[in-house]
Amino acid sequence: MLKLRVKFKKYSLIRYISHLDLMRLFQRAFRRANIPVEYSKGFNPQPKFSFATALALGLTSDGEYMDIELQEEIAPEKFTKDMNDVLPEGVEILEAHYTDDKKSLMSIIKSSSYIIELIPLENSSKKSIYETINNFKRKKEIYITKSKKKKGRTIEREVDIRKNIYELDIILYESDRIILKTLLKTGSTGNLKPELLIKALIKEGLQVDDVDFNIHRLDLFTEDPKWE
Amino acid sequence: MIEQKTLDKILLKVEKPARYIGNEQNIYIKKEEDIETRFAFAFPDIYDVGMSHLGLHILYNLLNNEKGIYCERVFAPWIDMEEQMRKINIPLFSLETKTPLKDFDFIGFTLQYEMSYTNILNMLDLSNIALESSNRDEKDPFIIAGGPCAYNPEPLADIVDFFVIGEAEETILKIMKKYKQMKQKAMTRKEFLESIVNIEGIYVPSFYEVKYKEDNTIEKMIPKKKNYPSKIKKVIQKNLDETYYLDKMIVPFIETVHDRVILEIFRGCTRGCRFCQAGMIYRPVRERSVENLLELAKKLIKSTGHEEISLSSLSTSDYSDLENLVIRLMDEFKEDRIGLSLPSLRLDSFSLDLIEEIQKVRKTGLTFAPEAGSQRLRDVINKGITEEDLINSCKDAFKMGWSTVKLYFMIGLPTETKEDLEGIKNLAYKVREEFFNQPKDSMKGNLKITTSASCFVPKAFTPFQWHPQNSLDEFKEKQEYLKKIIKDKKIKFNTHDAETSFLEAVFARGDRRVSKVLIHAFKNGAKFDGWRDQFKYDEWINAFAETGVAPEFYANRERGYGEVLPWDFIDIGVTKSFLIRENERSKAGEITPNCKVSCSGCGIQKDFKGGLC
């Protein structure tokens with residue numbers, strides 16, 4: 001089996017397309033670039049490729065990954081060039097290599113790092129922002145309400161997200177913007193969305209705008225780090 | 001230009017923000033200094049609907065192929081986006097460069113269905129452009145319109161500056177050329193209109209005055225000047241193989257209604273169904289050659305990467321070399337897993353074999369359009385399909401493993417009786433029987449018959465253009481009756497909103513006095529009238545009351561052959577005497593053969609030679 005592991009970035013306006021739409025975008029780009037993708041058997045043949053994890057609508061990223069099964073070998077450099085020639089602005093293949101890894105990308109991903117840009121509220125101060133973040137980091141448990149739709153009903157439950165936050169730091173403070181860097185658990189064994197982290201921070205008193213923020217994923221990692 | 005930063009503030013607050021970002025594959029980007037004329041192709045419905053429309057892709061590419069012209073796209077924002085835009089005062093903008101519509105030279109609306117008219121007004125309003133052409137000034141863009149509904153342009157007479165009647169490929173370029181000259185000479189708005197009024201296919205409503213009789217019918221339509229044409233003749237492309245053809249299409253980021261390559265195989269139709277406007281206005285039939293189509297298909301797949309090709313035309317089975325075309329397309333694209341779809345097939349056994357070949361394993365549902373329940377009524381409308389055809393096709397289809405069938409009917413057709421309505425039920429039940437009559441072991445799947453009955457809307461330029469539409473009460477009574485008699489678990493029965501069809505009938509045959517109703521309805525809050533959950537019928541009724549216009553006059557009144565019809569000044573090539581003849585034949589239940597069998601002298605050959613009719 002020829003499996004190509006591909007790293008790509010998603011930026012600019014493409015952040016407004018959903019994960020499903022991104023899959024269709026790739027499917028069509030493969031055809032435009034003449035990539036010999038393997039197809040599934042059965043009623044409705046689909047090209048065989050899978051993503052490490054879905055990036056939510058609205059986020060940009062420098063570190064997205066996918067595996068593609070090929071019918072015949074092509075040079076990874078050729079793959080990268082041919083794809084970039086046909087991809088729309090906003091999706092770019094960064095790197096590709098063949099892999100023998102039998103495990104799916106989805107199963108090996110453990111964490112992701114993000115840059116989060118927040119807008120401080122007018123009456124907030126630098127001191128209070130730093131204090132809130134520091135207090136937040138000292139907590140042993142942080143509960144938030146997660147809602148889940150099950151059989152048409154919305155089920156709400158309290159979950160502790162503390163164990164899913166590995167790193168959290170203010171890397172820039174300006175009176176009109178704050179930039180945080182964070183490392184969060186990601187993958188099939190547990191997952192924390194950065195939006196939920198923001199929600200929890202606001203709940204704990206962080207004085208920032210709760211709708212106007214930007215999230216950028218830096219990269220995905222295969223290790224399960226410990227909180228320091 | 002609207003800053004992306006401004007849009008970023010609202011895009012995450014709306015459903016499917018990719019509707020508003022542009023930036024798709026195969027769009028045109030032009031340098032500011034290369035642009036002399038800015039044209040906005042405007043579709044008065046949401047992106048998902050508009051991007052599925054072939055005409056958009058044709059005109060977009062055609063115009064952008066011209067030096068100096070930049071054609072961009074704009075769609076009606078969905079209500080959530082409109083709300084956000086109004087909240088922070090963002091005017092309606094083009095997708096390519098995010099330019100406010102007011103800054104364009106032309107805004108070209110395509111008129112695909114009457115129920116999109118209020119969206120035109122909403123789009124103008126969102127652009128801060130006056131709704132009525134008489135209130136626009138020298139700096140405003142020209143509002144132009146074309147498409148099938150432009151064959152009766154009068155309901156939009158107060159709104160649109162000028163119409164393009166017919167297939168726009170040639171006409172639009174002539175207009176652009178004139179406009180370029182105008183810019184150099186610094187002509188006024190009026191002078192420009194004067195300069196194009198004699199181009200074939202152009203109609204400038206403000207250059208005409210309509211006089212009415214006491215009974216509210218039209219006495220005459222008078223050109224305000226001698227040199228204005230008294231008849232506007234439609235324009236068609238005579239030879240499709242030599243006409244501008246589409247070899248690339250924009251690839252949307254989100255799923256659209258028809259998310260695939262559209263291959264237009266021919267224009268026109270030789271069937272002559274008496275209710276069908278498209279069958280009359282698009283005459284004569286003009287085909288593209290198989291060789292040409294194969295080349296185009298290859299280019300379109302190469303440039304889009306789409307996984308499906310859809311053959312587009314009226315009555316696809318009438319393409320003279322369909323089998324050859326389908327086989328060659330399949331051969332070409334099978335390897336790449338590109339599917340083929342033929343949405344407008346007459347389902348005879350030949351077609352079923354073809355579909356079987358195309359679909360091999362994956363089977364979608366089948367659609368049949370008997371239109372009427374009884375043979376008598378099918379003869380009245382000249383549908384040219386017998387019950388035997390239908391039952392045999394169903395039998396074959398069931399044998400081949402299909403189990404989902406859709407049946408389309410209309411209620412309110414001329415001369416319809418209770419027996420005809422019962423016929424709808426009987427036909428659906430017979431199809432059901434046919435499924436269970438098969439030997440047990442060949443029965444596959446779970447039978448599902450979906451029967452839909454829409455409300456007949458008499459349209460301009462059809463043999464039924466003189467007929468009254470059923471009243472709302474009549475429609476509702478008929479719908480209730482059908483709901484009562486169709487009682488079978490395997491048969492689902494759907495109806496359409498009679499109110500929507502009633503308004504459609506008003507605008508399909510309205511004169512210029514209904515322009516003001518439209519404006520009132522829009523001001524009352526009407527938009528997206530074709531969307532069931534947005535349709536505000538009460539506001540329409542208020543609008544009729546406020547303007548003193550009786551909708552029944554347009555929808556429910558029988559017209560005499562001698563009456564001057566609002567669209568009589570347009571020449572589609574098919575003669576009025578032919579339409580009268582066809583209407584009379586329909587009353588006698590006489591069928592008229594397909595033009596391929598024998599010519600019934602519709603008149604199209606006289607002025608529009610070049611077709612295969």
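## Chain A: surface and overall build

In this predicted model, chain A exposes about 11,700 Å², and carbon and sulfur atoms supply 50% of that area. Turning from the surface to burial, 48% of the 228 residues of chain A count as buried. On charge, chain A carries 40 positive and 36 negative side chains, with the centres of the two sets 7 Å apart.

As for the fold itself, chain A is built with five helices and 10 strands. Its C-alpha trace spans about 60 × 40 × 35 Å along the principal axes. If you look at contacts in chain A with a separation of 6 or more, 73% of them come from residues 24 or more positions apart.

## Chain B: a four-stranded parallel sheet

Over in chain B, have a look at the open sheet of four strands, which runs in the order 15-16-17-18 with parallel pairing. Strand 15 (366-371) and strand 18 (491-495) of chain B sit at the edges with a single partner strand each, so one side of each has no neighbour in the sheet. Going from one strand to the next, the twist averages 20°.

Strand 17 (residues 448-455) of chain B pairs with strand 18 in the parallel sense, over five bridges.

## Chain B: helix 16, mostly tucked away

Helix 16 (residues 498-508) of chain B has 10 of its 11 residues buried, so the rest of the structure largely encloses it. Among the buried ones are Phe502(B), Leu503(B), Val506(B) and Phe507(B), but also Glu499(B), Thr500(B) and Ser501(B).

What do the buried residues of helix 16 of chain B pack against? Their partners are strand 17 along with helix 5 (117-126), helix 15, helix 17 (515-523), helix 18 (537-547) and helix 19 (551-555) of chain B.

## Chain B: helix 4 and what follows

In helix 4 (residues 79-87) of chain B, the buried residues are Asp80(B), Met81(B), Glu82(B), Gln84(B) and Met85(B). An α-helix has 3.6 residues a turn, so residues three or four places apart point the same way.

The buried residues of helix 4 of chain B pack against helix 1 (4-11) and helix 5. After helix 4 of chain B comes Asn89(B), with a positive phi near 60°.

Definitions and conventions
Residues numbered from 1 in each chain as written. Chains lettered and ligands numbered in written order. Predicted model: local features only at pLDDT ≥ 70, side-chain atom pairs only at ≥ 80, totals over all residues. Heavy atoms only, no water. Pairing = 2+ DSSP bridges. Helix = DSSP H or I, 4+ residues; strand = E, 2+ residues; numbered from the N terminus. Axes fitted to C-alpha atoms, helices over the stretch in contact; angles between N-to-C directions. Buried < 20%, exposed > 50% of the residue type's maximum accessible area, 1.4 Å probe, protein only. Contact = heavy atoms within 4.5 Å. Areas by Shrake-Rupley, 256 points an atom, 1.4 Å probe, with all protein chains shown as cover. Lys, Arg positive; Asp, Glu negative; His and termini not counted. Charge placed at Lys NZ, Arg CZ, Asp CG, Glu CD.
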